[in-house]
Amino acid sequence: MKKLLLLTVISLLCCTKGLCQRDTVNFTVDFSEAHRNRFRVQMHLSVPNGEKLVDLNISVWTPGYYQVLEFGRNISEFRASDLRGNGLPWQRTRDDQWRIATGEGGRIHVSYTVTTERPFVAVPYIDKDRAFIRPTGIFMYPDKNLDRTVIVEIMEHPSWRNIATGLDSIAPRTFRAGDYDILYDSPILAGNLTELPSFRVRGAEHRFLGYQMAQFDRKSFMDDLERIVRSASDIIGEIPYEHYTFLGLGMGNGGIEQLNSTAVAFTGDGLDSDPANRLRTLSFLAHEYFHHYNVKRIRPIELGPFDYSRPNRTRGLWLSEGLTVYYENIILKDAGLIEPGQILEDWQNTIQGYENNAGRKKQTLAQSSWNTWEDGPFGKRGETISYYEKGPIIGMFLDLAIRNASKNEKSLNDVMRALYYNYYREKDRGATEEEIKMTCESIAGQNLDDIFTYIQGTGDLDYQKYLSMAGIQYQRTVIADGKSSVKLSIQPTLSILQKEILGDIFGY
Ligand SMILES: [Zn+2]
């Protein structure tokens with residue numbers, strides 16, 4: 001009876017705050033078992049009258065990390081009850097699905113525990129010092145009802161100060177996502193975080209909050225990051241979000257992009273003392289930041305809206321990952337943070353790495369994207385290739401070919417802008433393989449079959465043909481065991497067009 005009264009009061013309070021419309025799903029997450037590496041999750045949702053069963057699913061993957069993660073494995077202590085507190089029968093119908101017999105429908109309450117194992121950007125993690133909510137691994141969704149509004153309340157932790165997320169806050173520690181796609185796109189980091197000085201670009205605030213940050217010159221680092229955001233957003237010409245948050249997760253590897261945030265392994269250690277480390281970090285952040293355009297908005301048609309119950313395959317990661325790698329240097333160059341010679345050296349290393357991988361004869365770039373769910377994010381060297389390696393080479397070729405064909409009036413930037421405005425902005429969707437090729441060709445003003453054949457085939461790449469468009473000499477020497485050494489250098493004499501292209505891409 002007491003429980004009933006309490007639930008009625010809670011639900012009245014929710015409703016007066018406008019937080020629990022019929023379609024809204026409400027979650028509370030508590031950190032009381034942080035020391036046991038466990039999240040406790042409460043979920044309230046309504047079941048339409050007459051629906052006798054409801055299926056609740058947990059995602060099997062995290063967009064941005066193209067691997068099956070089996071989040072269902074980590075869920076235990078599942079309970080379901082009606083609003084009066086009476087237990088409802090349920091059964092587990094799949095590894096990722098719980099079927100609840102709801103009786104007559106109405107509002108139901110579900111609770112479960114999520115056990116976490118390791119701090120990693122694609123999965124949830126909690127310990128006594130911080131919590132990283134990777135929403136795909138924490139929040140269940142009602143089957144086929146991803147369009148529901150979701151309210152998440154984070155319970156207070158006695159000694160944690162901050163919560164960082166890209167979600168809009170509607171009350172203290174309470175966040176709203178318009179639907180599940182937004183919820184799953186918005187990780188939440190809680191703990192005693194360090195906040196770096198924020199900056200504004202094109203009216204939008206950019207914040208950086210991180211766990212366990214080292215000592216470094218915060219102002220100078222954020223000045224560099226601001227330049228990166230400016231030069232990346234100048235490529236497209238607008239910023240499509242109201243605020244953006246960098247979530248620094250401490251030690252580790254990797255980063256995942258979202259629409260208005262990125263979660264990255266970051267401590268800032270060595271930023272001031274080691275220039276190469278600083279450049280790698282800035283390059284990594286430029287990559288993750290540029291993804292909010294390229295992959296979150298400019299994207300192969302298969303990459304969104306997502307199906308969270310199975311791998312979402314695409315042949316297009318050469319565009320989403322490969323071209324984002326290619327843009328790291330472009331962004332850093334426009335930001336004045338990299339020397340021309342370093343870009344040339346980077347191209348040289350990428351080409352040499354690719355040429356020395358026997359996998360290049362066995363797998364196409366399109367296949368490396370399609371099969372990444374089995375091969376792993378970086379492929380199986382010797383057997384397969386990585387779209388992180390061959391993808392940026394295609395980026396170079398496209399940029400060079402477009403600049404050459406258009407007398408340097410157009411570039412790959414025009415392709416990115418066209419894909420952004422014509423598909424994301426106007427049609428609110430990704431682009432098909434044909435549309436991507438057609439966009440490149442219409443901007444180049446010529447057929448680009450040669451380059452697109454490289455995406456679908458395993459043939460040798462004609463480096464000299466494209467590199468010479470910027471006056472770069474390609475030299476390959478066989479050293480030992482069939483391995484090659486690749487050397488890129490600038491030709492002694494350059495035409496006016498070559499000089500312009502070289503200057504625009506490298507900053508020479
Ligand atoms: Zn990436």
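How many salt bridges are there between domain 2 and domain 3? The count is one salt bridge. The notes below take up that contact, then the strands and some backbone details.

1. **Ground rules.** This is a predicted model, in which local features need pLDDT of at least 70, side-chain atom pairs count only at pLDDT 80 or more, and totals for chains, interfaces and linings use all residues. Residues are numbered from 1 along each chain as its sequence is written, and side-chain values use heavy atoms, with hydrogens and water left out.

2. **Domains.** The domain assignment gives domain 1 (2–190), domain 2 (193–274) and domain 3 (293–506). Such bounds come from an automatic or database domain assignment. The C-alpha centres of domain 2 and domain 3 lie 25 Å apart. Domain 2 puts 17 residues into the contact and domain 3 puts in 21; contact means heavy atoms within 4.5 Å.

3. **Buried area.** The size of an interface is often given as the accessible area lost when the parts come together. Here domain 2 and domain 3 bury about 1,600 Å² between them. That value is the accessible area (1.4 Å probe) that the two parts lose on being put together, summed over both. Carbon and sulfur atoms hold 62% of it. On the domain 2 side, I235, I236 and L259 lose the most area, together 41% of what that side buries.

4. **Polar links.** R425 forms a salt bridge with E238, and their closest N and O atoms are 2.6 Å apart. Across the interface of domain 2 and domain 3, eight residue pairs are in polar contact, both residues at pLDDT 80 or more. A polar contact is a pair of N or O atoms within 3.5 Å; within protein, one must be able to donate a hydrogen and the other to accept it, and residues adjacent in sequence count only if both atoms are side-chain atoms. Helix α3 (residues 218–236) gives the most to the domain 2 side, with nine residues.

5. **An open sheet.** Helices (H or I, at least four residues) and strands (E, at least two) are DSSP runs, numbered from the N terminus. Two strands pair if DSSP finds at least two bridges between them. Four strands form an open sheet in the order β8-β9-β15-β12, with antiparallel pairing. β8 (125–126) and β12 (162–165) stand at the edges with a single partner strand each, so one side of each is left without a neighbour in the sheet. Strands β9 (residues 130–133) and β15 (residues 188–191) pair over four bridges. A131 has A190 in β15 as its bridge partner.

6. **A hairpin.** β21 (residues 472–478) and β22 (residues 484–490) pair in the antiparallel sense over seven bridges. Five residues lie between these strands, and D481 in the turn has a positive phi of about 50°.

7. **Backbone exceptions.** Most residues other than glycine have a negative phi, and most peptide bonds are trans. E77 is not a glycine, yet has a positive phi of about 55°. E77 sits in strand β4 (residues 75–82). The peptide bond from G304 to P305 is cis, with omega near -5°.

Methods: Salt bridge = Lys/Arg side-chain N within 4 Å of Asp/Glu carboxyl O.
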